[in-house]
Amino acid sequence: MVPMTTDPGEALFERYLDARGYEILDYEPDLGTAKRPDYLVRADGHEVVVEVKSFDPPPVTPASSPSGFVPMPKLTAVRSKISTGASQLKGIAPYPLVVVLANPRMSPVPLAPAMVIAAMYGDQQVSFTQSAELTWTTGRNGRLHVDEPDNSVRGSHPYLSAVCVLRVAQAEDARIVAWLRGESTIRPNVLAAYGDGTPDAAPATADEVVSLDVFETVSKAATALPREVFAGPNDTRWGPTAPGRYGPIAPGSTRGTL
């Protein structure tokens, strides 16, 4: 596959599309707005518009003296990329609109699922009930549209369908993770995944596997990203699971509502 771009993040996304058998219908298509998104793709029979945003390498800073303080990762960079990418998609219809975050330069940005959800919907907060139950919620600084129970709204970009994060892993590591996700037991035999008798065991290779973590938005105004799109064996999906709840989505599940 010959990349259509010299941007490393976009090239990584093209590798993902090629591995899934998806078709790039157009690069930087003219879809009737002043700004050109990166891709119009056909995936599992659906056309999807995608804007890829890559993180820049961190600036070189002088080494500081050792200390015991470890700062928490800041979500500012992630929120900025989500907002910038979403702005490129404004006014495009009737496609699902997706921002894909790529980190080919290994910038130290927080892209774990909990951090991405917090970047989308607000800083994580913890509270305790009278029964000492621990509850996590999201609070201020979220970037995306939310309809509140009191009929008020907060956040921006109600047209955005999903935010995705590109991941790269060694093929053998990706296979083991996929095997463990498919186990129905609460405590799967991790060692069995590496054994010769595992049904889907395969020789270890040095090949890399590109996958996506997909985070659905909760905006009712957005065109939903179909659940069968970006749903490869190494991909993960996050979204509404019940009224007022957001979490991992099981493969093949239907869309819930908040």
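Colleague: Let's start with Glu28: in which loop does Glu28 lie?

Modeller: Glu28 sits in the loop between strand S1 (23-27) and strand S2 (39-43). Strands here are DSSP runs of E with at least two residues, helices are runs of H or I with at least four, and both are numbered from the N terminus. Before we go on: this is a predicted model, where local features need pLDDT of at least 70 and side-chain atom pairs count only at pLDDT 80 or more, while totals for chains, interfaces and linings use all residues. Residues are numbered from 1 along each chain as its sequence is written, and side-chain values use heavy atoms, with hydrogens and water left out.

Colleague: What makes Glu28 partly exposed?

Modeller: Its relative accessible area is 37%. Buried means under 20%, exposed means over 50%, and partly exposed is in between, using a 1.4 Å probe and protein chains only. So Glu28 lands in the middle class. Glu28 also has a positive phi of about 50°, although it is not a glycine.

Colleague: How do you know that His157 is buried?

Modeller: The relative accessibility of His157 is 14%, so this residue counts as buried. His157 is in the loop between strand S8 (153-154) and strand S9 (162-170), and has a positive phi of about 55° without being a glycine. Contact means heavy atoms within 4.5 Å. Leaving aside neighbours within four places in sequence, His157 is in contact with Ser83, Ala86, Ser87, Arg143, Leu144 and His145.

Colleague: And why does Arg167 get the class it does?

Modeller: Arg167 comes out at 27% relative accessibility, so Arg167 counts as partly exposed. This residue is found in strand S9.

Colleague: On to the helices: why are H2 and H3 called oblique?

Modeller: The axes of H2 (residues 76-89) and H3 (residues 113-121) cross at roughly 60° and come within 9 Å. Axes are lines fitted to C-alpha atoms, for helices over the stretch in contact, with angles from 0 to 180 degrees between N-to-C directions. Under 35 degrees is roughly parallel, over 145 roughly antiparallel, 65 to 115 roughly perpendicular, and the rest oblique. H2 and H3 are therefore oblique to each other. Val78, Arg79 and Ile82 of H2 make the contact with Ala118, Ala119 and Met120 of H3.

Colleague: How many residues of each class are in that contact of H2 with H3?

Modeller: Five nonpolar, no polar and one charged. Ala, Val, Leu, Ile, Met, Phe, Trp, Tyr, Cys and Pro count as nonpolar, Asp, Glu, Lys and Arg as charged, and the others, Gly among them, as polar.

Colleague: What does the 1.5 Å a residue rule say about the span of H2?

Modeller: The expected span is 1.5 Å times one less than the number of residues. The 14 residues of H2 should therefore span 20 Å, and the end C-alpha atoms are 20 Å apart, which agrees. Gly91, with a positive phi near 90°, follows H2.

Colleague: What joins Ala93 and Pro94?

Modeller: A cis peptide bond, with omega about 5°. Pro94 lies in the loop between H2 and strand S4 (97-102).

Colleague: How many helices and strands does the protein chain have?

Modeller: Four helices and 12 strands. The protein chain has 258 residues, of which 41% count as buried.
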